[in-house]
Protein chains: 4
Amino acid sequence: MPRKPDIAQQLLDSALSLFAERTYEGTQMPAVAQRAGVGVGSIYRYFPSKEALGNAAFQYAKRGLLDQLNDALVEGGPVHTVREEFGRFWLGFTRYAGSAHDAFVFLEHQQHDTFLAPESQALAVEVDRVASDFIERGQRSGEIRDGDPQQLVALAIGAFTGLVKHLRPGGIGKLSPASLKVAEDAVWDLLHRKADS
Amino acid sequence: MPRKPDIAQQLLDSALSLFAERTYEGTQMPAVAQRAGVGVGSIYRYFPSKEALGNAAFQYAKRGLLDQLNDALVEGGPVHTVREEFGRFWLGFTRYAGSAHDAFVFLEHQQHDTFLAPESQALAVEVDRVASDFIERGQRSGEIRDGDPQQLVALAIGAFTGLVKHLRPGGIGKLSPASLKVAEDAVWDLLHRKADS
Amino acid sequence: MPRKPDIAQQLLDSALSLFAERTYEGTQMPAVAQRAGVGVGSIYRYFPSKEALGNAAFQYAKRGLLDQLNDALVEGGPVHTVREEFGRFWLGFTRYAGSAHDAFVFLEHQQHDTFLAPESQALAVEVDRVASDFIERGQRSGEIRDGDPQQLVALAIGAFTGLVKHLRPGGIGKLSPASLKVAEDAVWDLLHRKADS
Amino acid sequence: MPRKPDIAQQLLDSALSLFAERTYEGTQMPAVAQRAGVGVGSIYRYFPSKEALGNAAFQYAKRGLLDQLNDALVEGGPVHTVREEFGRFWLGFTRYAGSAHDAFVFLEHQQHDTFLAPESQALAVEVDRVASDFIERGQRSGEIRDGDPQQLVALAIGAFTGLVKHLRPGGIGKLSPASLKVAEDAVWDLLHRKADS
DNA sequence: TATGAATGAGGATTCATTCAT
DNA sequence: AATGAATGAATCCTCATTCAT
């Protein structure tokens, strides 16, 4: 069993946390190496350049979020209501932001960033697609308010991101179940079509 | 008619848009100078360092947002309902993001950033304070849902930020009044306490 | 009566004192202008460049020293002994270093300096020539020790320079007549051929 | 056999010779790197800034001179006369200026210079102290002329410095033993109290 | 294979010089 | 004629990347 993948993994984690703290541009390769506990030179055995490391970290993080979402959507068996499905999304985001706070913050800061390869950006739309598919389904069933699905996704994910960034020091894990429930309900109401509206 | 005093202003605008596009760390001084239409050396006539420019830009932007909010809260005379007051906030944010898209994006990216002086960070809490005062008032009157006011502010401003970032190329000005209304209602429902809840 | 020569003079004095304090290379044009009480731009009305100013200052200082020496050698009428002639030299150096401390220090620091034009360097050998002529005459009359005249000049002027630099803050004017006499005798003994030697 | 630890040394030597030639302020870091045979970046691996390099070079040079003096004073066994002790000083200075011409010239140019840290200046008074102790001893024994010891030191070291600077291209090593003897005697006579004086 | 010292292109900043007022 | 704001080449310094060990 090789140790190599281990090192690459540590490098990705190190990079992700530093990028979240100080920005991709503001992070130096020696700092990444140090936090990963390896020598600078070793980074280049796993990633050909800083840009490559940045993209790998981005893709690793996005894929992690995507996996977490898929797991949450599948694991408890089929969902019966739109609200229930929203709960699954919420669970996926919550778990991911809980276990990979840095990665989540990093992801939400990147958007149009110069170092992102097309491949990374392609991956970025995946989460949006999954989310807006859900919105569209909810709109068809009348339970989610009308409007551009992408725009609603932006509002909802933006709200969640705001929450996570607000919780910075402790991370979302520090939040009491009650507070988390308040937030979940609030975001659901952001999307939910009210009966008399 | 002297154009000179405008140079500091042009530099702030240039810096703001570049910081929004490429990050503070990812922006080079020559790029700031070029976009401002001046020579590199001129930057240092107005700001002693890149860090000082970053802080000045941040404070200028935050103050602009604060002013816009105050204007919106005051201008139409006294408000009579919490919903109406929320509308004023929405108007303030909307106007600011419309007229200073870059500045708004820049502000929302900075949080814990390394270059921000204490003075800048002090200004940053001001907006939060104004907003959470509103939330608390709404909670007392029963129209805004229970929960940590700061957390609700984070959710609401996060949602708005998500919208603005989603609209990146065109800016919020491109949005139809109808779409804007959908967004406003959605964010209100994020905060609003439902009767039967 | 034009004011111009006045300004050029102030600029030379300002430059000389700054060069003595901080080195030619370490002195900025705005500092020269400020100490002279004029705007930066005005320097260039009198001197085409920093290098030209440096050379003008050097030549002005060297010429001042030369004039002082000539005056001292001539003014009291003809000299009758080598020791008496040495006294005249001492008087010239002393007066110059007393009235133009900065200029003297500046002169002794320049030697091989990059900014000195050939013309300036030509002027620099003039003092040496006057001094070594004196040494040679003294050697012929048996009152000054044997050895390379240039080398003896270097020793004697070096000693005087050491004294002046040592006296930096107050300048040589601060020295009591007695102390000055000690120094004069010491330097004379440096040159003087002892009877039994 | 590693050459690495030598890099700091090569940098000090390179810096010293350039500072002597062109002044601290007039010397560029790339020039220091080039003469030391390393890349610019390497300088900063050994010295945090140009100022630090300047101070390190100064201290290295002063310490070298001090060591040379101590060696010369000790090595030949105890001295029996003041003249003999002077000979030891002369030997120390001569050896140092011979083996480290650039360093000696550099030292004598720095005095009150802007980049010198207090620590460097503290070291600078050390040589003066050693020298004036000698002068005082000589005065007590009646062999050195009366007067402020510091002032006599300034005259004597100034004379030696004048000699060394005069010899610039070849250095003091080029001087014939006879010429060197002339100089030594001359400087001794500068200090020596004449019987009938 | 892993390392970190060495490198030099690139970024922040300074400063001699120009030129509109 | 005098000024000092504006400029950009030149300077100090950083940091992604290489390579000898």
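How far from a phosphate oxygen of DNA strand F does a polar side-chain atom of Ser42(B) lie? In this predicted model, the separation is 2.5 Å.

**Around DNA strand F**

| Residue | Protein atom | Distance to a phosphate oxygen of DNA strand F |
|---|---|---|
| Ser42(B) | polar side-chain atom | 2.5 Å |
| Tyr44(A) | side-chain N or O atom | 3.0 Å |
| Met29(D) | backbone N or O atom | 3.1 Å |

Which helices build this surface? At least two residues each come from helix 2 (29-36) and helix 3 (40-46) of chain A, helix 3 (40-46) of chain B, helix 3 (40-46) of chain C and helix 2 (29-36) of chain D. Helix 3 of chain C gives the largest share, with five residues. Sorted by class, the surface near DNA strand F holds 14 nonpolar, 12 polar and five charged residues.

**How the chains sit together**

Chain A makes no contact with chain C, and their nearest C-alpha atoms are 34 Å apart. Chain A and chain D do not touch either, with 14 Å between their closest C-alpha atoms.

Chain C and chain D, on the other hand, share an interface, which buries about 3000 Å² between them, 59% of it on carbon and sulfur atoms. Chain C brings 38 residues to the contact and chain D brings 37 residues. Turning chain C by 180 degrees, with 0.1 Å of shift along the axis, superposes it on chain D with an RMSD of 0.1 Å. This is the relation of a two-fold axis. Within chain C, Ala159(C) has the C-alpha nearest the axis, 2.0 Å from it. Because 97% of the interface residues of chain C are also interface residues in chain D, the copies meet through the same surface.

What holds polar partners across this interface? There are four salt bridges between chain C and chain D. In a salt bridge, the side chains of Arg145(D) and Asp189(C) meet at 2.7 Å, N to O. The polar contacts between the two chains come to nine residue pairs. On the chain C side, helix 1 (4-22), helix 6 (101-109), helix 8 (149-166) and helix 9 (177-191) each supply at least two residues. Helix 8 of chain C has the largest share, 12 residues. By class, that side of chain C has 13 nonpolar, 12 polar and 13 charged residues.

How values were computed
Residues are numbered from 1 along each chain as its sequence is written. Chains are lettered from A and ligands numbered from 1 in the order in which they are written. This is a predicted model: local features need pLDDT of at least 70, side-chain atom pairs count only at pLDDT 80 or more; totals for chains, interfaces and linings use all residues. Side-chain values use heavy atoms; hydrogens and water are left out. A polar contact is a pair of N or O atoms within 3.5 Å; within protein, one must be able to donate a hydrogen and the other to accept it, and residues adjacent in sequence count only if both atoms are side-chain atoms. Helices (H or I, at least four residues) and strands (E, at least two) are DSSP runs, numbered from the N terminus. Ala, Val, Leu, Ile, Met, Phe, Trp, Tyr, Cys and Pro count as nonpolar, Asp, Glu, Lys and Arg as charged, and the others, Gly among them, as polar. Contact means heavy atoms within 4.5 Å. Copies are superposed by least squares on the C-alpha atoms of residues with pLDDT of at least 70 in both. Buried area is the accessible area (1.4 Å probe) that two parts lose on being put together, summed over both.
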